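Work through the exercises below with the structure in view. Try each task before reading its solution.

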Amino acid sequence: MVQYNFKKITVVPNGKDFVDIILSRTQRQTPTVVHKGYAISRIRQFYMRKVKYTQSNFYDKLSTIIDEFPRLDDIHPFYGDLLHVLYNKDHYKLALGQINTARNLISKIAKDYVKLLKYGDSLYRCKSLKVAALGRMCTVIKRVGPSLAYLEQIRQHMARLPSIDPNTRTILICGYPNVGKSSFINKITRADVDVQPYAFTTKSLFVGHTDYKYLRYQVIDTPGILDRPFEDRNIIEMCSITALAHLRAAVLFFLDISGSCGYSIAQQAALFHSIKSLFMNKPLMVVCNKTDLQPIEGISEEDKKLVAEMKDEAMKTVIGQGGEPTDEAGALLTMSTLTEDGVIAVKNAACERLLNQRVELKMKSKKLSDCLNRFHVAMPKPRDQKERPACIPQAVLEARAKQAEADAEKQKRKLERDLENENGGAGVYSASLRKHYLLANEEWKEDVMPEILDGHNVYDFVDPDILERLEELEREEGLRQAEEGDDDFEMDGAELTPEEQAALAEIRKKKSLLIQQHRMKKSTAESRPTVPRKFDKDKEFTSKRMGRQLSALGLDPTKAIDRARSKSRGRKRERSAERGDGIGNDAMDVDDITPNKKQRRSRSLSMQTSRSMSRPRGEFVPGEGYKDKPQKEKAIKMMKKSANKRNKDARRGESDRVIPTLKPKHLFSGKRSTGKTDRR
């Protein structure tokens, strides 16, 4: 099956854009620096490469255009004639021919100038030849600019054409304008064709798809056709004529018997007879539409005679190539797209006629006759003359009977939608929500229930057990209040002695002060953990204060103060002690022994090292999460390696925003010399 997808054709640039694209690519993809000090062979090769590369780009681009546009002689005749109707195939072929000629001219120019560049004797001469070659190529492209613009317009229009498969099962709808063709295709497919009450609303072919017997059918809506000479028909009508002439489809000729389309039945019959030659070898059906406005029995005798003649012509159509006439059923159908009366019947009849024709054509083909010779249908031989009907169990028969009764009941039962339509429609009919109430008496359903009766709320007396439930709720509420009272117990001061009452008042006062102080700290963002001394600016945490507090509690603060002072001794005092110990006992009698500067430095470094590095970094200690020492060394090595990149780019870390390169180097370096603004 051949599929035509005109949406994939590449965009055709105009002449100026074409030149800019090719020359920009040449400048970017070929070397840009050459000096007069180079060997003459190198200079020649430099400019020959530019000419050859430019010619290659032009050739590829033009070849793509020529190859992607369809050739009218190679595609289906339907698309060939459709393109001829829409674009005039002579202009189309002429435009493609000019593109092909331009491609050959560019190849010839490149060949000639490469031959001349082989004999260039200086940088200036080679450069001049290169400029001349590229200039002539650009001139050729600019001359075919109108053809490129014409092909781009054709490409845009072809991309909007419907995707019609000429070889699949097709139903074709034709007739005068405004007879209901677009309404019919909207009813039987998911197509959304514009429908308006005036002629020539549909100006091109529209395609929809429908299903029948698990097979997909394409339905084509054609623009309206007028009864006039072939030469006077416009492009819109010629699209319909092309589809009728070339598509192997079932044809539905729509007839407006009400005359509301603006054309009489006689005019429509004249159109039918003028184009009936296009209906040969196709299943044809005459469809009388708009029967809601005018039934077919109510038309005049003359119109009935015209409709009968069209029916006779439809019966003369043949199925396939054999020439067998069709039966009378289905040659003339009536329907109304407004009320959807007969729409599905018309669709099914058209699909069935088309399917029968396609099956018979295949049965008469030589390919099938070769296969039928190999088939043999085996029939079982009866063993006796006794009939053996199918045995259906009684349970299955009962289930079928119940299902039939349920279906009948379902059909008898009226829905709310049916009742609404019978009683005035939406806004007039009000559905009753009480008719499904389960009451002892059916007459009670529509009774009005009062809310206040004799000054009392009716709903207070609806539940007979309301008093018992109320008592249960009160008991439960009393139990819960008692539990909450036990939880919120607070000491009463009436049972205490005067000393205990004074202590209780002091405790409560202290508690309220602590709560207030805590709230103030929290509101001022001072609720932070204990901080080092260098941040204790107010000197709140001192050993003297601790001693006073411990003394107030009746404890001896001496040991606690000594311990705090030993913890907070400075490093200088420790170093001096160690330094004094390290001199040795022999130096005790010396009044002033001061080591030189080098010794002091080495000692301090050694002491710092011994104090800061208690063990080597790679030493394996169980419990650190490593299996053994090699695994720890490998982890440390990977950590150092991952930090190398961040150390090199110290200004930018993993979480910092990336600053993109504002001036890409390939666009701002080495392209133009001082004072030049021309790119090439």
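**Exercise 1.** Find which helix gives the most to the positive patch.

*Solution.* Helix α17, residues 543–552, gives the most to this patch, with three residues. Helices here are DSSP runs of H or I with at least four residues, and strands are runs of E with at least two, numbered from the N terminus. The model is predicted: local features need pLDDT of at least 70, side-chain atom pairs count only at pLDDT 80 or more, and totals for chains, interfaces and linings use all residues. Residues are numbered from 1 along each chain as its sequence is written, and side-chain values use heavy atoms, leaving out hydrogens and water.

Next, list the members: Lys-521, Lys-544, Arg-545, Arg-548 and Arg-565 form the patch. Patch residues have over 30% relative accessible area and no salt bridge, and like charges are joined within 9 Å. A salt bridge is a side-chain nitrogen of Lys or Arg within 4 Å of a carboxyl oxygen of Asp or Glu.

Last, take one member. Arg-545 lies in helix α17 and has a relative accessible area of 32%, so it is partly exposed. Under 20% is buried, over 50% exposed, and partly exposed lies in between (1.4 Å probe, protein chains only).

**Exercise 2.** Locate Glu-472 and the negative patch on the surface.

*Solution.* The patch gathers Asp-465, Glu-468, Glu-471, Glu-472, Glu-474 and Glu-477. Glu-472 sits in helix α15, residues 466–487. Its relative accessible area is 46%, which means partly exposed.

**Exercise 3.** Decide whether helix α7 is mostly covered or uncovered.

*Solution.* Of the eight residues in α7 (181–188), six are buried, so the helix is mostly covered. The buried ones are Lys-181, Ser-182, Ser-183, Phe-184, Ile-185 and Ile-188. Their cover includes β1 (170–175), β2 (206–212) and α11 (343–363).

Definitions and conventions. Patches are made of residues with over 30% relative accessible area and no salt bridge: like charges are joined within 9 Å, nonpolar side chains (Val, Leu, Ile, Met, Phe, Trp, Tyr) within 5 Å. Accessible areas come from the Shrake-Rupley method with a 1.4 Å probe; for residues, only the protein chains shown count as cover. Lys and Arg count as positive and Asp and Glu as negative; His and the chain ends are not counted. The place of a charge is taken as NZ of Lys, CZ of Arg, CG of Asp or CD of Glu. Contact means heavy atoms within 4.5 Å.
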